[in-house]
Each structure stands twice: as structure tokens, then as C-alpha cells.
Amino acid sequence: MSHDDDSWLHQPRPTWPPEGHHQNLPYRDREPYPAARRDSGGLTEKKVVAAAMTLGLGALAGLAAYAYLGPSASQSARHAQEPRLTDDAPGRTAKQARFGGFAVTGRSVTIDRPKDEIYAFWRDFSNLPRFMENIVDAGEPEPGISTWTIRAPMGTSVKVRSRVVNDRPGEQIAWRSTEGSGIETEGKVMFRDAPGGRGTIVETVIAYKPPMGMVGQAVAKLFSAEPSVQARRDLKRLKMLLETGEIATNKNQSGKGGKFQKAVQTELQSSPAV
Amino acid sequence: MRALTYHGKHDVRVDTHPDPQIVNPRDAIIEVTSTAICGSDLHLYDGVIPGVLKGDILGHEFMGRVVEVGSASTLKVGQRVTVPFTISCGACFHCRNQEFSHCDNSNPVEKQDVSESLYGHPMSGLFGYSHMTGGYPGGQAEYVRVPFSDVGPLVVPDHLEDEKVLFLTDILSTGWMAADQATVEPGDTIVVWGAGPVGLFAAQSARVMGAEQVIVIDHYPHRLELARSLGCKVIDYHQTVVLEALMEMTGGQGPDAVIDAVGMESHGFENFNPVDTLKQKVGIGADRIGALRQAILAVRKGGRVSVPGVYGGMADKFPTGALMEKGLTLRTGQTHVQRYHQELLRRIEEGEIDTTFLISHITSLEDAPQGYKNFAFRQNEFTKVVLKPAWAKGREEAGRANMAHWTGPSTPGSKPATAPSRDVLTDA
């Protein structure tokens with residue numbers, strides 16, 4: 001191109017904003033690009049990626065990549081051989097919570113009452129049906145021997161007779177079923193001061209041989225009668241009873257309150273307010 | 001007694017139920033004089049909260065007179081009370097820490113399992129809000145059994161009419177806590193998503209707490225008008241690019257705190273919403289978090305995110321990157337009504353806070369099903385519906401926020417006049 005050639009000067013100049021851009025519209029109503037550059041509506045790579053991200057296909061792609069690039073068999077084997085330390089979690093929280101024929105379960109709850117008071121309440125076994133759903137009746141016919149009638153699935157009941165094997169006031173009550181008991185079981189309830197003045201930590205551990213083994217345990221779980229479910233619920237009820245003096249219910253007819261509400265009423269009637 | 005009863009999605013009816021009785025020693029029975037439909041009732045109405053059963057009595061904003069007390073209640077028959085929607089024992093760890101909506105002891109044990117497996121910890125009991133929170137019969141009824149009546153109900157003076165104090169039970173306290181958790185500091189801009197009852201009360205509370213600028217985002221003109229009448233600036237997200245506008249309205253810094261008063265049924269905003277809606281419809285329990293996503297993107301670095309909006313399930317595309325990289329503080333939760341309602345009652349008595357500006361319709365309890373329908377589907381006109389169990393079917397009065405009082409759209413910078421309150425009307 002020679003310097004004499006100045007024909008480029010006479011070409012029409014590009015304008016800004018480009019033609020077709022409506023300057024007077026508010027910003028949000030303007031077209032982002034002139035018509036020629038706008039998306040023609042076809043399936044672009046950008047759209048495919050956006051759709052895939054939206055639909056979570058990224059997760060699938062990630063899974064595929066993991067299968068291809070993930071730890072090799074030798075790596076996994078090495079992991080399996082590495083010695084494990086024994087951690088600080090209670091044994092009953094192990095993924096395999098079964099020891100010999102025994103299923104072990106347990107649960108903790110913090111109750112804002114002094115431990116001596118909670119111990120005394122628990123040690124009077126006749127109080128147990130007041131917060132334990134499946135205990136129909138409990139008592140201590142002779143010192144150190146307790147008998148419980150436990151509601152079992154499908155309308156049956158089991159009698160458990162156990163010996164108090166460790167009784168430390170304010171700290172622990174432990175029991176073991178005697179020979180001829182309906183269920184072979186042992187357990188303990190421990191009381192200790194909660195940190196920061198939060199009351200008492202009540203911890204229960206129950207080991208039992210599920211009738212009919214694992215099948216029986218599964219059936220019991222279905223009916224919410226399995227000890228791990230029961231321990232959780234029962235301890236919450238104990239907390240309600242000792243902290244608030246009653247056990248919460250959504251029933252709004254006095255006749256329809258369950259055995260827990262009736263027990264509170266009976267207790268109130270037998271010991272009129274001072 | 002008559003009570004508003006859940007029959008299914010978008011199907012609620014007023015049915016006859018047996019009158020409630022004292023069951024536990026700390027109970028009281030309240031004869032309801034006023035109750036209201038809450039925005040969160042619409043989540044039940046829309047069927048997106050699990051565990052609502054046919055036959056459940058709904059309603060958790062109610063007040064009335066004490067007609068019967070249990071042996072351990074501290075209330076007296078004849079007292080006029082507002083009842084917090086959260087049921088709290090007053091004795092557990094959380095109640096003693098003033099976290100009343102986290103009460104350990106108010107949700108019946110067998111009702112705790114669902115929320116315990118869903119959330120890791122059980123929820124506490126709430127009135128009329130699904131069996132996850134206890135399945136307690138609710139307050140859109142002639143009578144309600146109130147557990148732990150020595151802790152929850154607040155005795156209110158007779159000279160304050162129902163409409164002035166009813167919202168202490170939930171939405172006013174909730175709006176106040178939302179602003180409290182957003183932490184209003186001098187010079188702050190607070191932005192509220194959703195000009196529903198909680199959003200408007202949150203905006204009002206932020207003003208009372210001294211925010212420099214409060215901006216409310218919605219798309220219903222009449223609701224935005226109410227926000228403007230409180231002295232807030234408004235953004236209609238149908239007209240405006242919200243993120244850009246918020247940057248420009250805060251000198252390029254972004255708002256100091258944001259409040260999501262929308263919750264799990266967020267509309268519009270962005271492209272993930274159709275997928276979230278689909279998931280919610282087929283019952284995967286997904287929350288629609290469009291408003292929350294936008295709020296988290298909008299808030300300035302080091303800002304605060306306060307979430308009074310109700311969520312129940314899970315969400316994806318949650319902006320964890322923005323949350324972490326911008327150093328945000330996220331505060332959430334059902335309202336600890338008992339922590340705030342006394343102070344708020346004082347502010348109402350002193351005329352600092354007015355709650356009646358919000359009410360658009362007052363109808364009989366018998367007309368509650370129509371009230372639900374209107375509140376759900378005609379949100380521009382129906383800003384708050386109050387129900388009166390004692391009124392005859394068909395009786396209806398206009399509240400101050402009724403469209404009948406509307407004089408047309410206001411202009412930026414103006415402060416629209418609202419209709420005078422009822423006592424002013426009767427004085428004249």
C-alpha cells in the first residue's frame with residue numbers, strides 16, 4: 001500500500017454504538033449485541049456445558065473420572081494393611097456394634113438436674129415405666145433383684161429378672177439378667193457431672209442377645225421396640241420429666257394422653273402441691 | 001370447636017373438632033380472639049413441608065383469653081395473652097440460653113425421629129406446623145391447648161387492640177430477630193428480599209435499629225408500596241438488574257447485611273430455579289434458594305447474611321465459594337419469640353412500632369379457606385389476613401393495607417400515606 005493511497009480515509013466509519021442498538025432504552029432493555037452477533041439459536045458448546053452443569057451431569061462425569069483415575073487396587077491394599085489406632089469414641093458407636101452374640105447399644109443425654117437426684121429417681125425401679133415406653137411394670141421384689149415386664153412386638157411381653165451387680169449411689173447402677181430370664185441382657189447407667197454447670201450426663205449401655213438373633217433385632221427395629229431406638233426415646237422422656245415435670249404430647253384431650261401423661265397426673269394427685 | 005383443618009395440597013376446610021382440654025399440669029386453654037394466616041402457612045398449603053397430615057389443625061399466630069389453667073400454670077383465667085408460635089419449656093439448656101426455638105423438651109419424643117435423622121438434631125415443638133415439629137393442634141381455631149403456659153404466653157394490656165399485638169406471636173418477632181441477626185451498625189445498608197409480612201417487619205426493625213438505608217426487593221407493586229411507606233427504598237426485580245442496582249446504590253461496596261425473607265419457594269431470579277422447582281414438585285425435598293443465592297452474591301465482603309425465610313430440605317448450587325471467600329457470617333433459625341416479645345410490646349406501647357399497616361383483610365375464621373386462597377394467589381392485594389373466630393361467616397373488614405385505601409403508585413423519594421389506624425378512625 002503506497003502512502004499516496006488514502007482511499008481508506010473515505011471508507012464509511014464504523015459507529016459506536018453499532019447500528020440497531022437502541023441508545024434511548026434503559027440499559028436492561030438494550031440488546032446486548034447487534035443482531036448479527038446474536039446467538040443463532042443453535043446448540044453451542046457453551047449451552048451444552050451450561051445444561052450439563054445445571055443438570056448435575058458434572059457429578060456423573062466426576063464419577064467416571066474417579067473410576068478411571070481413582071486409587072488403584074495396590075493403593076487400596078496398602079491402606080487396608082496400615083495399622084489403625086484405637087480411637088476415643090465409645091465402643092458401642094463402632095460400625096460393627098455386635099460382640100459375640102450380644103448386640104450392644106447405648107445413649108447419652110444431659111439433664112439439668114443434680115446427679116444424686118437422677119440416680120435416686122432411677123434407683124427406684126418403680127419409676128422406670130414413667131419414662132420407658134416398653135416397660136409395663138418394674139419393681140424390686142427383694143433387695144438387689146429387679147423384675148421388669150417388657151412389651152415385645154406383636155402384643156407379647158417378656159419378663160426380665162436381673163440382679164443389680166454394681167450400685168454406687170450418685171454414680172452407677174449396673175444389672176445382669178439372671179438365669180431363666182426371658183432375655184439375656186446386661187447393662188448399666190452412669191451419672192457424672194456435665195461440664196460448665198450443665199447438669200448431669202446420663203449414659204446408658206445395654207448389651208443383649210436379641211431373641212431370634214439378627215432377624216429378631218430387625219423385626220424389633222421395625223416396631224420401634226429395638227433397644228437402641230428405645231434408649232434414645234426413653235432418655236429424652238426422662239429429661240423431659242426431670243427438667244419440666246411433664247412429658248410433652250400433642251394430644252389435646254385429657255383422656256387421650258398416654259401412660260406418661262397419666263403417670264404425671266397420678267403423681268400430682270397423690271402428692272398435692274405444698 | 002371450629003378449626004381450620006388441612007385436607008391436602010391447596011385444600012383446607014373449617015371442621016368441627018372436640019374442644020381441647022388440660023392434659024399436662026403446665027397447660028392452659030386459650031379462647032382465641034384473633035389469629036392470622038402466616039406466610040409460612042402457605043408452605044404447608046402448597047404441600048412442600050413434609051409431615052402435614054389430613055385432619056391437622058393449622059395456625060401458629062394467635063392470641064386470646066385464658067379460659068382454663070392446669071395446676072402448674074402461672075396464668076390466670078381471664079388474662080389476655082399473645083402466644084409465641086414456638087413451644088418452649090424454659091428449663092432446658094437452650095431455653096436457659098434464650099434459644100427458645102431450640103427447646104429440647106417441647107417436641108413429643110416419637111415426633112423427633114424424623115427431624116433428627118433429617119437434620120442431625122430434633123426440632124422443637126411448634127403450633128400447627130407439621131408432625132416434624134410435634135403435630136400440635138394449631139391456633140386457627142376457637143380454642144387451643146397451650147403447653148408450658150408458664151413460659152410462652154405474654155400477658156398484654158387491654159388498651160392495646162388485638163391487631164396491634166397479634167404479630168408479637170410470630171412475624172414481628174421474626175422480622176425483629178432477622179434484623180437483630182443482621183446486626184445493624186451506623187451507616188449500614190440493609191437489604192431485604194421479599195416484601196411479605198416478615199420482610200416488611202424486618203425492614204421496619206432495621207429502620208428502628210438505625211440503619212442508614214434499607215432496600216426491599218419484591219415484584220408486587222402494592223407490597224413495595226408498603227415498604228416505601230416505612231421509609232425504605234424499593235427494587236422491583238422484574239424491572240431492575242438487582243446485583244448491579246445494589247452495587248450502585250451502595251457506592252460500589254455492596255450492602256452490609258442481607259436478609260432472606262423469602263424462603264424455600266423462591267420465584268424467578270435465575271436459571272437454576274426451573275430445576276429446583278422440578279425437584280420440589282417430584283418430592284426430592286429440594287429447597288428453591290434463588291433469593292438466598294442472590295443475597296449471598298450481593299452482600300459485601302465480610303457482610304452478614306440473615307435468614308428468617310423457612311427452608312426444610314436441601315439445596316444444590318449453594319454458593320459456598322462466595323460464602324467462604326467473602327468471609328460472610330450466616331445466621332438463621334426459627335424465632336426465639338420469648339427472647340424478644342416483651343421488648344417489642346414496650347415499643348408498640350410507646351408508639352415506636354406499628355403493626356397494623358400490614359393488615360389488608362380481617363375476616364371470620366369460617367372464611368379462612370378463602371383467606372388462604374387469596375393470600376396464596378393474590379399476593380399483591382392480600383398482604384395479611386387476620387381471622388376472627390367469633391365473627392359470623394361472611395363478615396369482612398378492610399385493614400389499613402387494603403387496596404381500597406390505595407391512591408396509586410408512589411414515586412421514588414416520596415413517602416406514601418397509609419390509611420389511618422382504626423383507633424384514629426374511631427376517634428374522628
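1. In chain B, the centres of domain 1 and domain 2, taken over C-alpha atoms, are separated by 26 Å. Domain 1 of chain B covers 2-170 + 335-356 and domain 2 of chain B covers 174-332, with bounds that come from an automatic or database domain assignment. This is a predicted model, in which local features need pLDDT of at least 70, side-chain atom pairs count only at pLDDT 80 or more, and totals for chains, interfaces and linings use all residues. Residues are numbered from 1 along each chain as its sequence is written, while chains are lettered from A and ligands numbered from 1 in the order in which they are written.

2. The contact between these domains draws 13 residues from domain 1 of chain B and 13 residues from domain 2 of chain B, two residues being in contact if their C-beta atoms, placed from the backbone, lie within 7 Å. On the domain 1 side, helix H1 (39-45) and helix H12 (337-349) of chain B are the elements that give two or more residues, helices being DSSP runs (H or I, at least four residues) numbered from the N terminus. H1(B) gives the most to that side, with 3 residues.

3. Between the chains, 27 residues of chain A and 35 residues of chain B take part in the contact. Helix H6 (227-244) and helix H7 (259-270) of chain A each supply at least two residues of the side that touches chain B, and H6(A) gives the most to this side, with 7 residues.
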